[in-house]
Amino acid sequence: MPNLQIIPLDYYIIFCSALFAIGVVGVLVKRNALVIFMSIELMLNSANLLLAAFSAYRNDPAGQIFVFFIMVVAAAEVAIGLALLVMIYRSTHTIDINVLNKLKW
Amino acid sequence: MFEYIWLVPLFPLIGFLVIFFNFRRLKGVTAGVLASIMVFIPFVISLFFFFGLMNGAEAKTVELFSWISFNKLSIPFSFLIDRLSGLMLLIVTGVGFLIHVYSIGYMKEDAGFNRFFSYMNLFVFFMLLLVLGSNYLILFIGWEGVGLCSYLLIGFWFKNQEFNNAAKKAFIMNRIGDLGFLLALFMLIHQFGTLNFAEIFSKSSAIPVGTFSITMITLLLFAGAVGKSAQIPLFTWLPDAMAGPTPVSALIHAATMVTAGVYMVARSNLLFVLAPVTLMTISVIGIATALMAGSIALFQNDIKKILAYSTVSQLGLMFVALGSGAFTGAMFHLTTHAFFKALLFLAAGSVIHALHGEQDIRKMGGLKDRIPVTFWLFIIGSLAISGIPPFAGFFSKDMILIGAFHSGYVLWVLSVAAALMTAFYMFRLLFIVFWGKAAVAADPKHPVHESPKSMTIPMSVLAVLSIIGGFIGVPALLGGSDRIQVFLAPLFSSSEAFLKHGAEVSESSEILLMTIPLLLILGVIFLAWSFYVKNRNIEQEEPERSFLGNLLYRKFYVDELYDTIVQKPVAGLSTFFHDTIEVKVIDRFVNQTGNLVVWIGKNIRYMQTGNVGAYLFFMVISIILILVLNLFK
Amino acid sequence: MKAIIALSILAVLNMFFGVRKMKKVLLPLIFIGLIITMILNISDWGKSVHYFNEMFIADNFSIAFSSVLILIGILIFMFANIYYKGVERPLEDIYALILFAIIGGIVMASFGNLILFFVGLETLSISFYVLAGSKKFDIASNEAAMKYFLTGSFATGFLLFGIALVYGVSGSFNLEAINTYILGCNGNVPMIFIAGMLLIFIGMSFKIAAVPFHFWSPDVYTGSPTLITAFMTTAGKVASIAAFYRLITIAFISLHSELTTTLTVIAVLTIIVGNLSAVYQDNLKRMFAYSGVAQSGYLLMALIVLGPKSAGILLFFVLSYVIATITAFAVLMLIREERGTFFIPAFRGLAKNNPVEAFAMAIAMMSLAGIPPLAGFMAKYNLFVLTAEGGYTWLVVVAVIGSMISIYFYFKPILASYFSEGEPQHKIESSVNFKINILVLSILMILLGFLPQVIINLL
Amino acid sequence: MIFSKYLFFILSFIAIYAALKVLISKKPMHSVLYLTLTFFAIGGHYILLNAQFLAVVHIIVYAGAIMVLFIYTVMLLNLNIQGEFPKSRLAKFASAIAGGILLFTLIAVFRSYDLKVLADPSLNQIGLVKNLGKILFQDYYLPFELSSILFLAAMVGAVMLGKKDIY
């Protein structure tokens with residue numbers, strides 16, 4: 001029996017898509033590596049929320065478990081990403097991704 | 001006894017491996033002797049096989065191991081020994097052995113002696129694989145392998161950039177042909193579900209004549225043959241390939257590898273007769289090549305280049321035979337051509353050797369008395385190639401001409417013209433090189449000397465073969481029994497039914513067909529004699545003269561007549577073919593294709609801008625495209 | 001499963017000895033460990049064990065590809081001492097990361113559930129990000145790592161979103177369950193599911209560097225330390241294509257026909273762009289990067305036509321690619337060590353002074369180019385036959401033309417080492433051990449060319 | 001339950017506003033802070049979905065660990081004074097268009113399918129620690145263990161990148 005009171009799943013999907021698109025635009029629009037990382041985190045988070053929503057509306061815990069693993073991976077990725085960022089900063093003294101153009105053609 | 005067929009390719013392979021891995025250690029002529037033995041043993045085995053086949057032994061497929069098998073498709077690694085491969089086996093090992101022996105003397109002073117012999121043995125191995133393979137895949141592997149060896153050997157003296165370019169050109173041109181071959185293989189799999197000769201040919205008999213797919217397959221196979229056997233438009237690599245050592249030219253670029261195309265077409269005769277369009281294409285391309293290469297050869301001045309163009313021309317004639325359905329004629333000419341062209345190349349090598357590397361015939365002359373053995377051998381070779389009875393070339397050329405006659409008078413006339421050109425340029429070469437005065441003063445430090453025994457003996461054997469080789473195919477008209485026709489009949493008889501012949505040639509007209517070309521050839525030889533012996537009319541690099549001055553300089557009116565009516569136009573045509581068609585059109589086309597690829601490569605890499613932002617942007621665009629195109633159809 | 005446990009123990013042991021500065025122990029330890037892992041891995045052959053609630057499936061396919069991955073590990077460590085010749089440090093961290101990446105790869109070849117797939121993929125990727133930047137004071141290496149990280153985690157975002165959509169519709173992460181769901185739809189699969197599937201495929205296309213998601217690979221492979229490049233091109237490709245194959249054949253097999261057009265277009269683009277871009281490169285390392293892109297295109301062909309033999313052919317292709325690539329990289333590393341450059345002239349006169357190295361390089365390049373009768377030829381040949389049988393003749397035509405073009409650049413080092421004029425460079429000293437290793441690999445390439453059935457019939 | 005709907009809109013608005021602000025802000029530090037705000041809003045969504053465990057972990061991991069790392073980096077490298085690296089207007093415009101098309105594609109895809117709602121999230125118990133813990137350590141034991149390898153790899157990697165050796 002559909003409960004009219006609950007929030008429709010569509011809302012979550014649209015919200016998550018919007019968040020995902022904002023993340024994508026952030027990656028494309030920014031040159032600051034740090035902000036690009038943050039945008040990627042946004043993308044991951046939108047996927048997380050989507051999974052959690054699906055999981056809750058299906059009454060299936062697997063989705064929430066996956067969210068848990070995505071958080072694990074995101075933490076690891078951020079640790080590595082920031083370490084790389086520091087490394088780049090040490091050699092170029094900037095975090096502008098446009099300076100990464102030695103390798104081309 | 002055919003179970004032991006795998007021994008035949010095994011020996012050259014062992015030879016290659018042993019020499020290749022010890023090529024620092026082997027001293028003196030050891031490598032050469034070893035390599036020769038490794039070709040001699042297969043030759044002996046092949047002889048046994050051949051006599052077995054002559055005595056009526058059945059053709060046999062010897063499966064060594066299962067190689068590739070899909071649910072439907074299975075390709076065993078197996079050898080096929082039948083009369084066709086038996087004949088080829090004999091040519092490859094026999095001529096190969098003689099040339100190996102010759103090379104011991106020829107290459108003795110070369111620093112790359114051991115390397116040379118390892119490549120030569122590898123070549124023989126691949127050639128045997130090509131000949132023995134019982135399916136198109138093994139044939140293709142041999143095909144690629146001989147190409148690779150030819151490439152290695154053309155570029156053998158790799159210090160010279162020009163030689164290197166020649167090697168590259170040979171490689172590229174062969175690749176273009178191979179593309180056709182490979183596509184044909186896939187189409188064969190698609191059509192027949194197998195690559196085995198026996199299965200394909202048994203299945204093909206059920207297919208009506210002129211089907212599109214068979215026509216495509218045969219045209220693509222022929223494209224492979226065009227590349228390998230140097231036909232129009234892919235023939236220009238062969239003259240350039242003369243950059244390699246002379247024995248290589250003799251073995252690979254005259255006797256064996258370049259004839260692989262002819263062999264392949266003859267092997268697939270049951271497919272080709274199903275495609276009349278292809279057969280006609282083969283005839284047209286063959287005769288065009290024969291005429292074009294022949295006319296280019298008329299006025300070349302490099303001894304090896306002349307022989308190279310001659311090879312192209314003779315291969316053209318073989319294709320004429322194939323195209324007109326005279327498969328036996330093609331194989332016969334292939335055999336005799338292997339003998340006399342190898343002989344001519346080796347003799348040319350001997351001349352070059354005697355003159356310490358000189359290849360320009362204008363700087364030769366009067367060698368008749370100084371290197372008499374080579375001289376006589378050269379005469380035998382020239383008579384054989386020109387088709388003077390009773391030398392080998394007469395009979396095989398006769399068979400081709402009769403085959404061409406069946407396809408129409410025009411083809412016959414053009415083939416005769418090609419044969420006449422052959423006689424002219426061969427005797428021009430002979431007369432210029434051996435008659436007259438020595439063009440270069442004898443250098444006391446490097447006297448002109450006859451070649452050593454290790455070189456003359458193989459040549460003599462080849463000369464004997466060039467004399468008697470034709471007797472395996474003496475036509476009934478001359479009281480022979482045409483043994484080669486009988487020998488190869490099991491392979492070609494079933495395709496006879498598909499060929500529509502013109503009117504049966506009566507005995508009297510056959511005599512005419514035999515004698516008219518012969519008389520013409522004799523006339524052409526006389527012409528060459530009057531040009532180059534009597535009047536010694538050799539265009540040295542001399543100052544430009546006005547037309548009037550020229551008229552005064554050449555006192556004989558007859559000469560002028562010849563000059564304007566015969567020589568000028570022919571020479572003009574010859575230059576035109578060489579300078580315009582070959583160099584400008586074909587070479588340029590090949591080079592441009594290569595350049596185009598490089599140009600695209602050069603520019604396409606700028607897509608890789610080096611900017612991550614751009615990469616990410618491209619990715620997003622592609623993702624959107626993929627999503628939209630897939631979801632909103 | 002056993003292989004993963006053994007590798008984890010090995011990695012930890014390796015770090016332990018590394019911290020203790022016992023440099024001499026490390027490589028022998030890793031060799032023994034990897035060989036034990038290989039044996040443990042193969043011991044499950046034919047049993048098809050399903051571990052942990054269908055999480056991890058050790059069927060023959062996964063064991064075969066895991067073995068290839070372990071083999072890559074053995075080969076890479078074989079040549080590690082050449083690359084890290086003058087380094088004092090025990091380098092246990094780099095070795096450990098290589099082992100971790102192999103674990104990730106094995107998981108990717110054996111998963112039965114998208115959660116495990118994701119964890120494996122990320123283990124592999126994170127190790128790769130770090131390894132790419134492991135030459136810390138080399139700006140090219142930094143740049144490679146950063147580019148790889150940015151593009152890689154971006155692609156991961158799309159992959160995750162795709163997984164979320166697939167889960168949202170089908171309600172499970174289990175591959176079999178997803179397939180059951182698709183079958184239950186009776187051909188009326190919702191668009192949202194297809195969108196999710198496409199996003200997953202886009203993520204995988206990124207990992208195997210297929211055009212138009214290949215942009216990272218030339219730069220990353222050029223900038224990374226050479227040994228790592230050799231590792232990443234091989235292990236990354238093998239693991240990703242295995243995962244891709246598993247996804248397609250188990251989860252999305254019923255929707256395969258929907259995908260073929262997209263896959264074909266991607267394969268064609270990949271072959272063309274990869275081969276053409278490599279033509280102009282004189283920097284061998286970069287040339288390898290582009291040619292690796294082209295090879296991905298051939299790999300994709302195996303996913304387009306799925307027959308009973310396509311897994312075997314994929315395995316054979318991957319194996320021949322791995323052996324040839326690592327052999328070529330080994331010689332390349334040696335030359336770089338001595339001559340300081342990756343450019344073609346460094347190969348001049350190699351045949352004269354270092355015949356073994358030149359021979360191995362020539363065999364490897366010819367195998368990659370697909371010259372018969374070497375392994376690479378048989379691999380390509382079988383693949384093309386498979387595709388032609390499936391009716392994709394024009395795809396085969398493109399692939400054949402592509403490999404014709406590839407001969408041009410693959411032959412550059414052979415030409416330089418055997419045929420180039422000019423003064424040959426001085427001799428490069430190399431150990432007997434190294435010579436034997438590359439010779440064995442060359443012989444393997446020749447042997448495999450004659451016995452493709454042995455490998456293909458395994459699966 | 002109207003209340004929860006309002007809460008959804010408020011949280012969504014905060015999240016999207018903050019997410020946009022992450023992009024618009026010129027100083028990295030501001031971006032980081034706005035991102036933290038977004039994360040808190042998403043945490044609110046988790047609670048709304050009755051996924052308490054995830055909400056807690058989310059706050060701890062993202063707001064607690066990841067954002068602290070970001071802030072640390074910003075301060076360590078003194079990035080705030082570096083300011084912006086502006087992209088050209090065209091690039092910005094193209095990016096926005098691309099993102100917009102992506103969004104529309106996704107929404108169009110979702111609109112075409114009526115997602116079945118099988119359960120009321122406010123009533124089910126799956127998001128509780130007890131339930132999740134049981135499943136995690138029974139069915140998903142293997143990925144859990146493997147994630148320890150992943151962490152080990154990340155740790156080794158981060159330490160290695162931080163050291164001052166050449167290799």
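In the predicted model, Leu346(B) touches Tyr102(B), Ala250(B), Pro458(B), Met459(B) and Leu462(B), leaving aside residues up to four places away in sequence. Leu346(B) belongs to helix H15 of chain B, which runs over residues 327-354. Within 10 Å there are 33 other C-beta atoms, and the cut-off for burial is 20 or more, so Leu346(B) is buried. Ser249(B) stands 97 residues away from Leu346(B) along the chain.

Ser530(B) is placed in helix H21, residues 507-534. Its count is 15 other C-beta atoms within 10 Å. Ser530(B) and Asp302(B) are 228 residues apart in sequence. In space, the distance from C-alpha to C-alpha is 21 Å.

Helix packing was examined in chain B. Two packed helices are described by the angle between their axes and the distance between the axes. Helix H1 (residues 7-21) and helix H2 (residues 30-54) of chain B pack at an angle of about 175 degrees. Their axes lie 8 Å apart. Angles over 145 degrees count as roughly antiparallel, and H1(B) and H2(B) are therefore roughly antiparallel to each other. From H1(B), the contact draws on residues including Leu7(B), Phe11(B), Ile14(B) and Val18(B). From H2(B), the contributors include Leu34(B), Met38(B), Ile41(B) and Ile45(B). By class, this contact has 15 nonpolar and 2 polar residues, with no charged residues.

Chain A also meets chain C. The contact takes 32 residues from chain A and 34 residues from chain C. On the chain A side, helices H1 (9-29), H2 (33-58) and H3 (62-92) each supply at least two residues. H3(A) gives the most, with 15 residues. The side of chain A that touches chain C has 24 nonpolar, 4 polar and 4 charged residues.

In chain C, helix H3 covers residues 60-78. At 1.5 Å a residue, its 19 residues should span 27 Å. The end C-alpha atoms are 26 Å apart, which agrees. H3(C) is mostly covered, with 15 of its 19 residues buried.

Confidence scores complete the description. The model scores ipTM 0.93 and pTM 0.76. Chain D averages a pLDDT of 86. In that chain, 95% of the residues score at least 70.

Note on methods: Residues numbered from 1 in each chain as written. Chains lettered and ligands numbered in written order. Predicted model: local features only at pLDDT ≥ 70, side-chain atom pairs only at ≥ 80, totals over all residues. Axes fitted to C-alpha atoms, helices over the stretch in contact; angles between N-to-C directions. Helix = DSSP H or I, 4+ residues; strand = E, 2+ residues; numbered from the N terminus. Parallel < 35°, antiparallel > 145°, perpendicular 65-115°, else oblique. Contact = placed C-beta atoms within 7 Å. Nonpolar A, V, L, I, M, F, W, Y, C, P; charged D, E, K, R; others polar. Buried ≥ 20, exposed ≤ 12 C-beta atoms within 10 Å, placed from the backbone. pLDDT = per-residue confidence, 0-100. Expected span 1.5 Å × (residues − 1).
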